[in-house]
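The following questions and answers examine one structure. Please keep the sequence and the 3D view at hand while reading.

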Amino acid sequence: MTASTHWENPLRDPRDRRLPRIAGPCGMVLFGVTGDLSRKKVMPAIYDLANRGLLPPGFSLVGFARRDWANEDFAQVVHNAVKEHARTEFREEVWRQLAEGFRFVPGNFDDDQAFNQLRRTIEELDDVRGTGGNHAFYLAIPPGFFGDVVGQLKEHGLAEPNPGAWRRVVVEKPFGHDEQSARELNATLATVFPSGSIFRIDHYLGKETVQNVLATRFANTMFEPIWNANYVDHVQITMAEDIGIAGRAGYYDGIGAARDVIQNHLLQLMSLVAMEEPTSFDAESLRIEKLKLLQSVTLPRRLDLTTARGQYAAGWQGGQKVLGFLQEDGVRKTSATETYAAITLHVDNRRWAGVPFYLRTGKRLGRRVTEVAVVFKPAPHLPFTHAATEELTHNALVIRIQPDEGMTLRFGSKVPGTQMEIRDVNMDFAYGGSFTESSAEAYERLILDVLLGDPPLFPRHAEVERSWQILDPVLDHWARKGKPEAYESGTWGPSSADAMLARDGRTWRRP
Amino acid sequence: MIELIDTDAAGIAAEFVASRLRAGSPAMSMVMTLVIVVDEDGAEDAMQVARRASHEHPARVLGVILGDARGNPQINAQVGTGAGWTGETALIRLEGEVVKHAESVVLPLLLPDSPVAIWWPADAPEDPAADPLGRLAQRRITDAAAVTRGKTRAIHLQCGSYSAGNTDLAWTRITPWRALLAAALDQQALKITGGSVTAERISPSAELLVAWLSDRLKVPFDRKGSNGPGITEVRLDSSAGPIVISRRDGRLATYSTPDHPDRPVALKRRQLPELLAEELRRLDEDDVYAATARTLMKLQRS
């Protein structure tokens, strides 16, 4: 490759914002091609990227799995996945551009011959497709196999790029199950790939609405002055799912809601909502601010009073009769895994001292919703009679992450036709369909960023480790306390969660 | 859709509010007003295109049909919300003297504060920024390839009367070509010594592509003819060999660069809704188009 550092492309102009960034010549090797993640997210995202003209000509996709497949069989699998799950319309010419670059390598993760063949395949692609020695290894496999795979990649010289080229590795959550295992996992990856070449996907960070949190906070004047303990009473961050574990018992049992969601998605969301303004929006500045925030996070002393957990029991969810967690296929009848988790966090800095952050997540709750609610303090003085403001609660700003993406501002307004009575009203901002149907799926954005080598949206190891440090004491506490409380499917979680907020004189928002 | 016969701007505005309340959703979160100036025959298609583009950019869409300017003034309108729109729409038919004062109907209907874009799907004024309706907008979208005659002359006229905020869909159409060419030079640092753009004989987009390449690369480019469709080949010459992107069927292109194998790349000619959506994504001045328009005028004079 040529020295790209001092090459200024005359066809590029920073003012030319119509031109998308197209990834340079490269390919991707996908481990775990038969899994849900590959079929529902990764393969469709690759097609959608190609359809939007963002993949380089010659982009190649190599599948690796223990299947007796030829290249054509693999192409068929991708074809089906794309047809079923791609966001954009299926177009023959886009498919033809991609299909020439499909390869399949059959083998086990401990099979030297297979990895030899993988190396030859990649070299062949560099030759006939012009992928330039640039390859991303996407590990869509359980973390238990990471060690085997990266070990093999190293042994067969696949992790080592030629001068001027790159090799990157992409991993998905879970990044361990506690601080210790996260360190070990990172050590495994770090022996083979330098930290700048490890991309951890937290797909929440690829969502337009999550990126919009930063835009809302730092591009406007009117939110930042009240974004602190002087005005904010508390913050609720909710990620609720209406589905159960949906056939993922093997993964979920023993992991639970806190590890599955709070450690990554919710703590990342919290750090974006609460962090200070970064000096710029490059990866390093964002990382510094996020990490600083996470380092200021503390747990309350009494974990028994400030956390709650539950396990869904049989019931009715949205008009459907559903099983309880313990009756699901593959779940141990004695399982103490929580499917609902709520925790209280404090942030020890000047901006947030005294403002609790309540994080909750659960399965089989009332409906599917992810939102951040910033709840403000009541006005210090109300020049109205008590009766006039009886229906007035706290002002709130709700950032709706999904679905129905947008923002709600809740404030008091006079009830028409009365003398002077004030009640809560909502002011809604819904950005039409633009944050949903026509905008990119999170995986498209993140996969493109991997290929471009653009890391702002990927959590770094220090953040992952710090998140576990925050969560580990809660998990230890729960492990000592027996079983989680059962809650009826289709409700908003166990009564202990309500009691947890009631102790602070607050209530959960009904999202 | 509600039909308003012999109405005025206030009547249309009142119907917007009434139909919003009827729909039970008083807040619409529209981000801009899009004015479409169109004739009776093109109105339905143009509104259809705007409807699809409105999914990405929720807008109040005002279709303005300028009828016969003689006779008594009359304003009729169809006003509606919903039904596949993410905003409000009105198709306003003007006849008689009011045709010459269309801006007086449109001005009261612009959303407060938000930007205004105007689109002429076919024939556009020679100087859109000086047009009474064009003056209301900060984004003025013409389409040289859609004028009823003199397409090449049309793009020259538009470039000649360029003013900040003007843009032409002939320019929008070449974004994928430009992206691919820029990507080619990202990958290989080659000094370009010349080249050519081959396209069907009449192609405003090809004129703009020649102008853009000459402006950026500071070398002359030839314009060659072919049977199309649209642009069929772009060639950049360098001492290491040529970079060639050729597309014969308007869908799938072949991408050849020095020292690399040929590769197929999807390069489909895009439909109007996509083009319009791209235009509405950014409403500030397009500096690169401005420079390209200047270059095109220079090339034409020389």
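The model is predicted: local features need pLDDT of at least 70, side-chain atom pairs count only at pLDDT 80 or more, and totals for chains, interfaces and linings use all residues. Residues are numbered from 1 along each chain as its sequence is written, chains are lettered from A and ligands numbered from 1 in the order in which they are written, and side-chain values use heavy atoms, leaving out hydrogens and water.

Q: What average pLDDT does chain B have?
A: pLDDT is the predictor's confidence in each residue, from 0 to 100. In chain B, 96% of the residues score at least 70. The average for chain B is a pLDDT of 91.

Q: Which residue in β14(A) is the bridge partner of Val232(A)?
A: Strands are DSSP runs of at least two E residues, numbered from the N terminus, and two strands pair if DSSP finds at least two bridges between them. Strand β7 (residues 232-240) of chain A pairs with β14(A) in the antiparallel sense over 8 bridges. The bridge partner of Val232(A) is Phe376(A).

Q: Which residue in β15(A) stands opposite Val372(A)?
A: β14(A) also pairs with strand β15 (residues 396-402) of chain A, in the antiparallel sense over 6 bridges. Opposite Val372(A) stands Ile399(A).

Q: Which side chain meets Glu391(A) in a salt bridge?
A: A salt bridge is a side-chain nitrogen of Lys or Arg within 4 Å of a carboxyl oxygen of Asp or Glu. The side chain of Glu391(A) has such a partner at 3.5 Å, N to O. The pair links distant parts of the chain, 32 residues apart: Glu391(A) is in the loop between β14 and β15 of chain A, and its partner is in strand β17 (residues 422-430) of chain A. That partner is Arg423(A).

Q: Is Glu278(B) buried or exposed?
A: Glu278(B) forms a salt bridge with Arg270(B), the closest N and O atoms being 2.8 Å apart. Arg270(B) counts as partly exposed because its relative accessibility is 24%. Glu278(B) has a relative accessible area of 8%, and therefore it is buried.

Conventions: Helices (H or I, at least four residues) and strands (E, at least two) are DSSP runs, numbered from the N terminus. Buried means under 20% relative accessible area, exposed over 50%, partly exposed in between (1.4 Å probe, protein chains only).
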